[in-house]
Protein chains: 2
Amino acid sequence: MREISIGIVGAGTVGGGVVKILHRRIDNIRNELGLPVRIARIVDKEISRFAALPVGDARCSADVQDILGDDAIQIVIELSGGTTFAKELVLSALSRKKHVITANKALLAEHGSQIFETAAKAGVSVYFEAAVGGGMPIIKVIRESLVGNEIFSVKTIINGTCNYILTKMTAEGSAFTDALKDAQRKGYAEADPTLDVGGVDTGHKIAILASLVSGGYVPFHSISIEGITTISKDDIAFARELGYTIKLLGIIKKNAPEGQLDVRVHPVMLHGNHILASVSDVYNAILLEGDAVGQILLYGKGAGEMPTASAVVSDVVDAARNIIGTTPVRIPMQYYSTSRSIQVKPIYTVTSRYCLRFTVMDRPGVLASLAGYLGKEGISLASVMQKEGFSKKGVPVIILTHAATEKNLRTALTHIEAMDYIKDRTQVIRIED
Amino acid sequence: MREISIGIVGAGTVGGGVVKILHRRIDNIRNELGLPVRIARIVDKEISRFAALPVGDARCSADVQDILGDDAIQIVIELSGGTTFAKELVLSALSRKKHVITANKALLAEHGSQIFETAAKAGVSVYFEAAVGGGMPIIKVIRESLVGNEIFSVKTIINGTCNYILTKMTAEGSAFTDALKDAQRKGYAEADPTLDVGGVDTGHKIAILASLVSGGYVPFHSISIEGITTISKDDIAFARELGYTIKLLGIIKKNAPEGQLDVRVHPVMLHGNHILASVSDVYNAILLEGDAVGQILLYGKGAGEMPTASAVVSDVVDAARNIIGTTPVRIPMQYYSTSRSIQVKPIYTVTSRYCLRFTVMDRPGVLASLAGYLGKEGISLASVMQKEGFSKKGVPVIILTHAATEKNLRTALTHIEAMDYIKDRTQVIRIED
């Protein structure tokens with residue numbers, strides 16, 4: 001072997017970054033590997049993109065078959081996005097015994113089992129450091145650095161759009177819609193922000209992490225997902241008054257009954273001195289807890305052209321090293337095998353502390369009634385705050401509870417919400433330690 | 001090959017942790033590698049240590065020749081400490097074509113070039129994830145995850161003893177000696193704490209990181225090192241009043257002239273909102289800046305039995321994978337080759353902002369004199385604070401300067417300290433952004 005030959009599909013934001021890094025780091029990478037890594041071909045429908053990139057002697061075209069049909073290409077980097085074309089491309093490349101590098105979390109979360117089974121059959125690997133956490137090397141840290149650990153908890157801020165919006169709402173007291181518009185103006189949110197603010201993107205990423213951490217297949221559609229669209233500036237303000245910050249977290253916990261994994265995505269209130277509470281703007285962070293290593297945190301830019309491209313390039317070097325050596329295929333297939341499916345703990349059995357915000361009529365007996373219905377379900381109150389003249393709709397009553405199951409909480413809320421003194425939707429935000 | 005056979009030298013704190021982790025993760029590691037990793041032999045002078053460990057069928061003895069002479073052993077884990085016996089052991093093991101894993105930062109910082117040259121000649125590798133940052137996977141992150149990056153700055157809190165002492169002094173207003181005694185009582189500081197509080201341990205670690213980051217050999221003895229023994233509770237109190245926290249940092253910057261690297265260890269004042277300012281107690285953190293990835297932070301326990309053992313085990317799996325495959329030897333030797341020696345930027349040419357604390361006589365004209373001598377060297381003042389009746393020795397005057405070279409500062413201080421109005425040692429703490 002005289003060189004490692006790669007093909008890149010997608011020369012947009014991240015793809016362009018990969019071309020730039022491979023160009024300027026070509027000597028370092030050759031020193032590291034003992035062989036050069038060469039971009040043999042780049043494919044993009046918008047062929048105008050090639051002009052701005054240091055493509056060198058790479059052959060540029062608009063037809064993905066040029067890469068798939070080139071037997072010299074050993075690694076295909078899929079940066080086309082979406083799950084239709086990308087899925088077909090990845091499966092074709094794997095079937096032709098080409099290793100695949102992808103940043104496509106939706107593709108892996110929704111079609112991971114098929115993709116990894118295809119890779120296993122063909123005897124090649126799928127690398128996806130860039131799919132979760134952009135420039136933060138979270139996949140490698142979990143799989144390699146923490147190989148001596150049983151990881152029993154993961155808490156992560158992994159969507160820059162949501163974190164920017166919540167940071168903005170907290171800093172400026174702005175409403176969700178205004179913060180979203182600002183994020184869109186700055187290029188931090190897409191024109192259709194549904195996947196981000198609805199929590200689905202965080203869900204895709206946490207599904208991938210849950211599979212790695214559990215050593216089994218965690219189906220994306222079994223994960224309970226809530227986004228940040230219902231978080232109001234009142235929620236932010238009350239949380240702040242209580243010393244808390246609201247963040248969207250992806251959570252994995254191994255405290256569930258044997259064979260079940262607690263995996264979920266929802267907004268949480270974090271106490272101000274929590275290490276994740278200070279992660280602001282578009283930054284991401286992941287807090288892992290392992291039985292040997294204790295707590296470990298990674299922090300960095302979870303998205304953007306160059307941070308994501310940095311992760312892709314680290315996969316290129318890993319893949320190249322494994323091709324040059326005869327190192328065992330490095331993605332254990334059992335993580336994604338449907339035959340080792342992990343059952344996600346149903347959300348109604350999950351125990352949590354809660355912050356409840358009721359909007360009620362200002363009349364005697366209301367607080368007693370609220371406390372009564374909660375008490376009937378075994379939910380005891382940690383603190384209560386009632387505010388005067390806050391909203392036209394009614395008086396806000398904020399209750400922080402001790403730990404209770406979601407089921408008991410929902411039962412209590414069903415009774416409470418049938419009362420005539422409830423004047424608006426009740427807000428429920430879980431409190432995370 | 002049917003198994004990977006290892007020998008462990010040193011069954012103390014970290015060695016014991018390694019034995020425990022390899023015992024309880026034996027199935028996971030076999031799944032990961034396709035082969036079992038077996039502890040063939042353990043050597044420790046204190047043979048009583050073996051009884052408490054799950055040594056399985058490992059042969060335990062007090063003689064290191066038992067491991068060196070066993071041809072079946074492919075990997076030697078050196079956890080004996082010190083630099084005399086350890087150096088001899090490591091060189092012998094490498095000469096016999098055994099791969100070496102070590103947590104010994106002093107050994108690598110002081111004898112790295114000889115060790116890596118011996119390894120290169122024998123065609124084997126040296127793994128040292130546990131030598132820097134304990135459970136934080138900093139070596140792997142720099143060498144593999146950030147391979148696409150030019151790293152142009154490293155700022156790290158990497159000595160748990162110093163960070164505990166400074167945290168304690170900040171939280172409780174205690175003096176250095178009291179905080180040190182408390183650290184010793186809790187087992188966070190050794191009976192002879194010189195290497196830690198003098199900054200030498202941080203220096204060893206930053207020398208290793210500087211070699212990795214620069215791709216050349218950074219001689220340990222060329223690094224300017226200051227510890228925390230001169231930090232008083234007054235320094236802490238004044239820093240706090242100004243919104244700063246005092247931390248001991250290891251610093252690497254690539255802004256030096258061509259061929260020079262800015263590497264140093266000293267206490268700094270960090271503004272309260274700096275991400276490293278909130279790293280407390282025995283926790284460590286490292287903030288890296290790369291041209292592609294931007295800022296990235298790792299945070300975790302930098303020492304202790306299990307976190308350090310976790311790092312050793314990750315090296316065991318890496319080494320085993322490279323043995324099973326025929327992957328290129330993974331520590332580029334040029335990093336430690338004396339033929340690629342990197343010149344460290346002399347500290348007197350380093351530019352910094354400073355916090356100066358003078359203790360002066362309370363008489364007219366003193367402030368003008370101080371400002372005059374500083375001004376003559378081109379050092380302009382950012383802010384001045386004078387305190388009434390603080391110390392019996394004199395009046396404290398705190399000056400924060402704009403950026404100036406160490407040389408100009410030292411010249412000004414030489415003039416100032418000759419003045420009769422100076423009543424005590426002048427304290428100089430650099431301000432880091």
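This is a predicted model: local features need pLDDT of at least 70, side-chain atom pairs count only at pLDDT 80 or more; totals for chains, interfaces and linings use all residues.
**View 1. The side of chain A that touches chain B.** In this contact, 45 residues of chain A meet 45 residues of chain B. Four elements of chain A each supply at least two residues to this side: α2 (26–33), α6 (138–145), β12 (294–301) and α12 (305–324). Which of the elements gives the most to the side of chain A that touches chain B? The answer is α12(A), with 10 residues. By residue class, this side of chain A divides into 22 nonpolar, 16 polar and seven charged residues.

**View 2. A strand of chain A pairs with a strand of chain B.** The partners are β12(A) and strand β12 (residues 294–301) of chain B. In which sense do β12(A) and β12 of chain B pair, and over how many bridges? They pair in the antiparallel sense, over five bridges. Within this view, A:Leu297 stands opposite B:Tyr299, a residue of β12(B).

**View 3. A:Lys97 and B:Lys97 have positive phi values.** Most residues other than glycine have a negative phi. In contrast, phi of A:Lys97 is near 60°, and phi of B:Lys97 is near 65°. In chain A, the residue A:Lys97 lies in the loop between α4 (85–95) and β5 (99–102). In chain B, the residue B:Lys97 is found in the loop between α4 (85–95) and β5 (99–102). Is A:Lys97 buried or exposed? A:Lys97 counts as exposed because it has 12 C-beta neighbours inside 10 Å, and the limit for an exposed residue is 12 or fewer. B:Lys97 also counts as exposed, because it has 12 C-beta neighbours inside 10 Å.

**View 4. B:Arg49 lies in a loop of chain B.** The loop that holds B:Arg49 runs between β2 (37–43) and β3 (59–61). B:Arg49 is partly exposed because 18 other C-beta atoms lie within 10 Å, a count between the limits of 12 or fewer for exposed and 20 or more for buried. Leaving aside residues up to four places away in sequence, B:Arg49 touches B:Ala11, B:Gly12, B:Gly16 and B:Asp44. B:Gln427 is 378 residues from B:Arg49 along the chain, and their C-alpha atoms are separated by 47 Å.

Notes:
Residues are numbered from 1 along each chain as its sequence is written. Chains are lettered from A and ligands numbered from 1 in the order in which they are written. Two residues are in contact if their C-beta atoms, placed from the backbone, lie within 7 Å. Ala, Val, Leu, Ile, Met, Phe, Trp, Tyr, Cys and Pro count as nonpolar, Asp, Glu, Lys and Arg as charged, and the others, Gly among them, as polar. Two strands pair if DSSP finds at least two bridges between them.
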